[in-house]
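Biologist: I have a chain open and would like to go through it with you. Can you show it here?

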Amino acid sequence: MKKKFYNSDLLKNREVAVTMNYIIRLANENDLSGLCDSRNNKDLFTNYLKQFAKKELYLVIAEQDALILGFGVLKLKGTLLPKLSDLYV
């Protein structure tokens with residue numbers, strides 16, 4: 001069993017959380033193909049990655065053995081509180 005991380009600054013510090021055999025991490029350009037396997041919309045993910053670069057949202061993926069199992073989008077811009085906009089498994 002792998003170690004669990006509980007850190008309120010997890011995304012801010014770009015640390016990786018490991019729970020059981022799944023890894024939760026921030027997405028990057030190399031994940032585009034795997035993300036499109038979950039939801040076939042390359043333009044959407046390209047836009048999410050651009051917004052992530054501007055710190056307007058977090059695009060987080062769950063993976064196991066380099067296979068993307070799901071993703072989530074947390075939008076930060078425009079409201080006082082973050083908004084969970086997408087969650088796919």
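Modeller: What follows is a short talk through salt bridges, the core and the strands.

Modeller: This is a predicted model, so local features need pLDDT of at least 70 and side-chain atom pairs count only at pLDDT 80 or more, while totals for chains, interfaces and linings use all residues. Residues are numbered from 1 along each chain as its sequence is written, and side-chain values use heavy atoms, with hydrogens and water left out.

Biologist: How many salt bridges does the structure hold?

Modeller: There are three. A salt bridge here is a side-chain nitrogen of Lys or Arg within 4 Å of a carboxyl oxygen of Asp or Glu.

Biologist: Which residue forms a salt bridge with Glu 63?

Modeller: Arg 25 does, and the closest N and O atoms are 2.9 Å apart. Arg 25 is in strand β2 (residues 22-26) and Glu 63 in strand β3 (residues 57-64), so this pair links distant parts of the chain, 38 residues apart. Strands (E, at least two residues) and helices (H or I, at least four) are DSSP runs, numbered from the N terminus.

Biologist: What about Asp 31?

Modeller: The side chain of Asp 31 also meets Arg 25 in a salt bridge, at 2.7 Å from N to O.

Biologist: Is Arg 25 buried or exposed?

Modeller: Arg 25 counts as buried because its relative accessibility is 17%. Buried means under 20% relative accessible area, exposed over 50%, and partly exposed in between, with a 1.4 Å probe and protein chains only. Glu 63 is at 12%, so Glu 63 counts as buried too. Asp 31 is also buried.

Biologist: And which residue does Asp 86 meet in a salt bridge?

Modeller: Asp 86 meets Arg 39, at 3.4 Å from N to O. Asp 86 lies in strand β5 (residues 83-88) and Arg 39 in the loop between α1 (32-38) and α2 (42-53), so the pair ties together parts that are 47 residues apart in sequence. Asp 86 counts as buried at 12% relative accessibility, whereas Arg 39 counts as partly exposed at 25%.

Biologist: Changing topic. How many residues has the largest nonpolar core?

Modeller: It has 17 residues, and those with the most contacts inside it are Leu 35, Phe 45, Tyr 48, Leu 59 and Phe 71. A nonpolar core is a set of buried Ala, Val, Leu, Ile, Met, Phe, Trp, Tyr and Cys residues joined through side-chain atoms within 4.5 Å.

Biologist: Where does the largest share of this core come from?

Modeller: From α2, which gives five residues. At least two core residues come from each of α1, α2, β3 and β4 (67-75).

Biologist: What is Leu 59 in contact with?

Modeller: Leaving aside neighbours within four places in sequence, the contacts of Leu 59 include Arg 25, Leu 35, Tyr 48 and Phe 71. Contact means heavy atoms within 4.5 Å.

Biologist: Now the strands. How many bridges join β3 to β4?

Modeller: Eight, and the two strands run antiparallel. Two strands pair if DSSP finds at least two bridges between them. Ile 61 has Phe 71 in β4 as its bridge partner. The hairpin of β3 and β4 has two residues between the strands, and Asp 65 takes a positive phi near 50° there.

Biologist: How do β4 and β5 pair?

Modeller: They pair in the antiparallel sense over five bridges. Lys 75 stands opposite Lys 83 in β5.
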